[in-house]
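Reader: How should I read helix packing and burial in a model like this one? Take me through it step by step.

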Amino acid sequence: MDAKEIELKTKALTKAATSNEPPANLITILKSLQKGVRPTEDLLRSTRIGIVVNKLKQHKSPDVARLSSEIVSKWRSEVKQKSNGSPNPHRSSTPNTGAGSPASVSTPGDRASKSSVPPEKRTWKADGVDIGITSNKIRDSCLGLMYDGLCFMSTEAPKIVLAKATAVEAAAFSAFGPEKNEQYKTKIRSLFQNLKNKSNPQLRQRVLSNEVTPEKFVQMTHDELKSDERREADKKIQKENMDKAMVAQAERSISSSLQCGKCGQRKVTYTEAQTRSADEPMTLFCTCMNCGKTWKQ
């Protein structure tokens, strides 16, 4: 696309967003920009397309927000690569996409396709990614938590992890937002803790592979988030407890001749057991039915 075509797309995209058109209309325009734009810093500045697309990262539709984030990250990466080969040392290496990210912060495209950080030590800071996706401090912080949870013990490329973390945060924001809602923050913390669970690596893999979509992931119950092994172990414990509950209890006799030393009532149940030698009398284990006091005699 040339600058004139991009300007027309910019106007169409702005109109679709401000008029609350269906997300499908926005996605169609965004996909055409994703395929057709060969970004340069001058092009993004003059057409303002970077600013318009960046604002859509906060769109209420998770699909629109996710696609917008992917496009912005892609453009940043391409412009930075071009700027690194430019003879002009005064040109900024970060496109004006409206994200406000410092030029010194690297993006996934700046690094190799695979992270050089040991899987058990990976975080968004260690991977050197830019989590300033939504231009909102709370949401970006939550996005960072999702990245940390997804990258833990993973060998996936930072770019893939960031895209998935962005999609999960957008889905959580859509379902439980705005960001100041305690339900949104609680859900993010819960998802992070489950992703970081060393005994449940399958959950991270299922989310990264999209076997579990972001929209489904943020709606999963506590039981659904468990690993198969944990679920089977819980069933076993539950069965054992049920079996114990079904076992007949020792029959207890009721005596009116025994008196509780605490409340003075003569409503006492007891069981007998031979705790001493055979020629000694049996021991009574007593319980007051009135106050609950127990004793033996």
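**A buried arginine and a helix pair**

Author: Start with Arg 122, in the loop between helix 5 (62–84) and helix 6 (124–127). Keep in mind that this is a predicted model.

Reader: Is Arg 122 buried or exposed?

Author: The cut-off for buried is under 20% relative accessible area. Arg 122 has 2%, so it is buried.

Reader: What is Arg 122 in contact with, leaving aside neighbours within four places in sequence?

Author: Its contacts include Ser 115, Val 117, Asp 127 and Glu 156. Tyr 147, Cys 151, Pro 158 and Val 161 are also among them.

Reader: Tyr 147 and Cys 151 are in helix 7, Pro 158 and Val 161 in helix 8. At what angle do the axes of these two helices cross?

Author: Roughly 130°, for helix 7 (residues 137–151) and helix 8 (residues 158–176). The axes come within 8 Å. Angles over 145 degrees would count as roughly antiparallel, and 65 to 115 as roughly perpendicular. The pair is therefore oblique. The crossing is right-handed.

Reader: What span should helix 2 have?

Author: At 1.5 Å a residue, its 14 residues should span 20 Å. The end C-alpha atoms are 20 Å apart, which agrees.

Definitions and conventions
Residues are numbered from 1 along each chain as its sequence is written. This is a predicted model: local features need pLDDT of at least 70, side-chain atom pairs count only at pLDDT 80 or more; totals for chains, interfaces and linings use all residues. Side-chain values use heavy atoms; hydrogens and water are left out. Axes are lines fitted to C-alpha atoms, for helices over the stretch in contact, and angles run from 0 to 180 degrees between N-to-C directions. Helices (H or I, at least four residues) and strands (E, at least two) are DSSP runs, numbered from the N terminus. Angles under 35 degrees count as roughly parallel, over 145 as roughly antiparallel, 65 to 115 as roughly perpendicular and the rest as oblique. A crossing is left-handed if the near helix is turned anticlockwise from the far one by less than a right angle, and right-handed if clockwise. Contact means heavy atoms within 4.5 Å. The expected span of a helix is 1.5 Å times one less than its number of residues. Buried means under 20% relative accessible area, exposed over 50%, partly exposed in between (1.4 Å probe, protein chains only).
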